[in-house]
Amino acid sequence: MASGRDSDPTLGYLTRKETEVKLPRPTRVKNKTPAQIQITAEQILREARERQEAEIRPPKQKITDSTELGDYRLRKRKEFEDLIRRVRWNKSVWVKYAKWEESQKDFTRSRSVWERALEVDYRDHTMWLKYADFEMKNKFVNHARNVWDRAVMLLPRVDQLWYKYIHMEEMLGNVAGARQIFERWMSWQPDQQGWLSYIKYELRYNEVERAREIFERFVDCHPKVGAWIRYAKFEMKNGEIARARSCYERAVEKLGDDEEAEELFVAFAEFEEKCKETERARCIYKYALDHIPKGRAEELYKKFVAFEKQYGDREGIEDAIVGKRRFQYEDEVRKNPLNYDAWFDYIRLEETAGNKERIEDVYERAIANIPPAQEKRYWQRYIYLWINYVLYEELDAQDVDRTRNIYNLCLKIIPHDKFSFAKIWLMAAQFEIRQLDLDRARRILGSAIGKAPKDKIFKKYIEIELQLGNIDRCRKLYQKYLEWSPEHCYAWSKFAELERSLAETERARSIFELAIDQPALDMPELLWKAYIDFEISEGEYERTRALYERLLNRTKHLKVWISYAKFEASAMEQGFQDSDVQESEYEQKRKCLQRARGVFERALSYFRTTAPELKEERAMLLEEWLNIESSFGELGDVDLVRVKLPKKLKKRRHIETEDGPAGYEEYIDYLFPEETQTTNLKILEAAYKWKKQKIVSDEE
């Protein structure tokens, strides 16, 4: 008994091994070199064709008498009936059966087969067509009419049945009967092609009035733009211009807001153009452009521009071109209302056209699109719409009240608690100044300082008050400025400069003192420089030295040392005179040089002892010292500095990266004289040590 693994209930008593198809094992080709005689694919196909056996066909049967014919018919009918019993749903069997009966000239039997086939599936219109074709081919006209009547009654939505029925009646010359069939068909409200076929039928027999009536019913049944245009063209073809115009006018009344209205207006305008009514055509184009949404009027604009180029004057052509560009911009801003660049281009176009109402309308629509997020980067382009708007109203429209209202509205819209625009505040204030209303300007700038203080606003407000000569107001503004931003060195410097220009030296000095005592400053070096320059200009050299010393207590930067030394070198040259004794110019220069040398010595000592790693700064300091010594001529001692100058050495060092060493780079190192002596001592010490070790090794 076979094992469970090999047995299969579907195989009966056989096993899988016994039922396996054993394919021949593929032979291994040992010699893979090409054969001497090559066989082509064409040769293989030719041989297969030659060896093919002849097709076996049944012998032809010759019928000699009526008995044999009766037997033949009986046998064929039995075959068809058996086939129908097996595949009753197969339509091709019914068709072959009916055609065979037709070929035997037994039309009654053929008709019976067709009727039986329709009982199986009467919804198949191809069966009706073949049945009616059989009746017409054999000239059974009444039978054919009967078939067509039944077909169109059962399947009224199949247009082909109606077309074939009408065609038969028309071929028979039964015009009234064909018209009657059309009327029956039209009661089912077919598609446009059915109506047009009826109209063409009437026109073939020159029944224009009938065709016109059918057109009226057609546009009622299918109120589409295409239907009205066909009706108007029909009237135009028959020379009825007034009727054609009436068709277009009725269509515009009914379908003026339709999606396909553009096509209707273009056809109407072209009709008027053909009738040489250019003004009517222009009015139609303009009416259409005003009423059709911009997104659906692209073709209309093209036609209008072409029309104006052909019939219009220069002004009309320009207006048409502007209209086309206006349509493009409308489309852009409709797709993305926050595209401010498109609004700028649209406004520029309208300003070129010069229509004030349109310009203001576009500006109002543009500024209505407020950025959705309250972040300054989103508002930076938007705010320029307001700026352009106020400039247009002030300069071009010259409407002062409207300009003032726009400024007020703009300042209300901006969220000043999150960000602000100093430019708008200043423009509003300058506008009021141009209108000679200083109180309004001061109120605007005061509001700006209260709501959104900015450097620009303080500077401009102070500048305005300074030009007006209101010094007390300037002082108050500087105080507000410094209360708002005490770390701003520019404000301190300018405040002190104002006091100095008013010859208020003590006030200026007090301001500088307050400034340098601030815990945090944005640019302290500029403030100290301004203070030092102030004291130098006042001739207060002792105060200047004291300032330098205070500055050195805070920072030992190279620039401070150099500036201090240069001050000492030039202090006497600027006309310093002792109160008791008039010293000679030579003595003054010598003292200046000594003081400068003292500063340089202190600086050099600091860099050598406290910051030895700042070799480059130390070298720069020595170069400045050398330049000052040489500038004093005979008084200067250049050799004193040259001895201290370092040597420049080119060295290499590793470049360290995150992934490890990445090669070498060259850099400049400085070797100072005192470092050279130390290096020599180290070399001698190493030599003595080596010699000592050698003596010990020799003794061992």
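**Pockets, cavities and helix pairs**

A: Happy to, starting with the lining of the largest pocket: α29 (524-537), α30 (541-554) and α31 (558-570) each supply at least two of its residues. Keep in mind that this is a predicted model.

Q: Which helix gives the largest share of that lining?

A: That is α29, with eight residues.

Q: And how many residues line the largest pocket, and which lie nearest its centre?

A: The lining has 20 residues, and those nearest the centre are Pro 524, Glu 525, Trp 528, Leu 551 and Val 560.

Q: How much space lies in the largest pocket?

A: About 480 Å³.

Q: What's the lining like by class?

A: The lining of the largest pocket has eleven nonpolar, four polar and five charged residues.

Q: Which residues line the largest cavity?

A: Its lining is made up of Arg 88, Trp 89, Lys 91, Trp 94, Ala 117, Val 120, Asp 121 and Met 127. At least two of the lining residues come from each of α4 (91-103) and α5 (107-120). By class, five are nonpolar, three are charged and none is polar.

Q: And the second largest cavity, what lines that one?

A: There you have Leu 438, Ala 441, Arg 442, Leu 445, Tyr 461, Ile 464, Glu 465 and Leu 468. Both α24 (438-451) and α25 (455-468) supply at least two residues of this lining. Six of the lining residues are nonpolar and two are charged, with no polar ones.

Q: What about α6 and α7, how do their axes cross?

A: The axes of α6 (residues 125-137) and α7 (residues 141-154) come within 8 Å and cross at roughly 165°. That angle makes α6 roughly antiparallel to α7. The α6 and α7 crossing is left-handed.

Q: Switching to backbone angles now. What is phi of Gln 189?

A: Phi is near 50° for Gln 189, a positive value in a residue other than glycine. For context, most residues other than glycine have a negative phi.

Q: Where does Gln 189 lie?

A: Gln 189 is in the loop between α9 (175-186) and α10 (192-204). With a relative accessible area of 54%, Gln 189 is exposed, because anything over 50% gets that label.

Q: How about Asn 206, what's its phi?

A: Asn 206 has a phi near 60°, a positive value in a residue other than glycine. Asn 206 is in the loop between α10 and α11 (208-221), and its relative accessibility of 67% makes it count as exposed.

Q: Is Ala 428 buried or exposed?

A: Ala 428 counts as buried, at 2% relative accessibility. This residue is found in helix α23 (residues 422-434).

Q: How far apart are Ala 428 and Arg 404?

A: Their C-alpha atoms are 7.8 Å apart in space, while in sequence Ala 428 and Arg 404 are 24 residues apart.

Q: Last one: where is Lys 615 found?

A: Lys 615 is in helix α33 (residues 615-631). At 21% relative accessibility, Lys 615 counts as partly exposed, because buried means under 20%. From Lys 615 to Pro 646 the distance is 9.2 Å, C-alpha to C-alpha, with the two residues 31 apart in sequence.

How values were computed. Residues numbered from 1 in each chain as written. Predicted model: local features only at pLDDT ≥ 70, side-chain atom pairs only at ≥ 80, totals over all residues. Heavy atoms only, no water. 1 Å grid on protein atoms, 1.4 Å probe; cavity = no way out; pocket = protein on both sides within 12 Å on 5 of 7 lines; lining within 4 Å. Helix = DSSP H or I, 4+ residues; strand = E, 2+ residues; numbered from the N terminus. Nonpolar A, V, L, I, M, F, W, Y, C, P; charged D, E, K, R; others polar. Buried < 20%, exposed > 50% of the residue type's maximum accessible area, 1.4 Å probe, protein only. Points joined across faces, edges and corners; volume = space filled by probe spheres on them. Axes fitted to C-alpha atoms, helices over the stretch in contact; angles between N-to-C directions. Parallel < 35°, antiparallel > 145°, perpendicular 65-115°, else oblique. Left-handed = near helix turned anticlockwise from the far one by under 90°.
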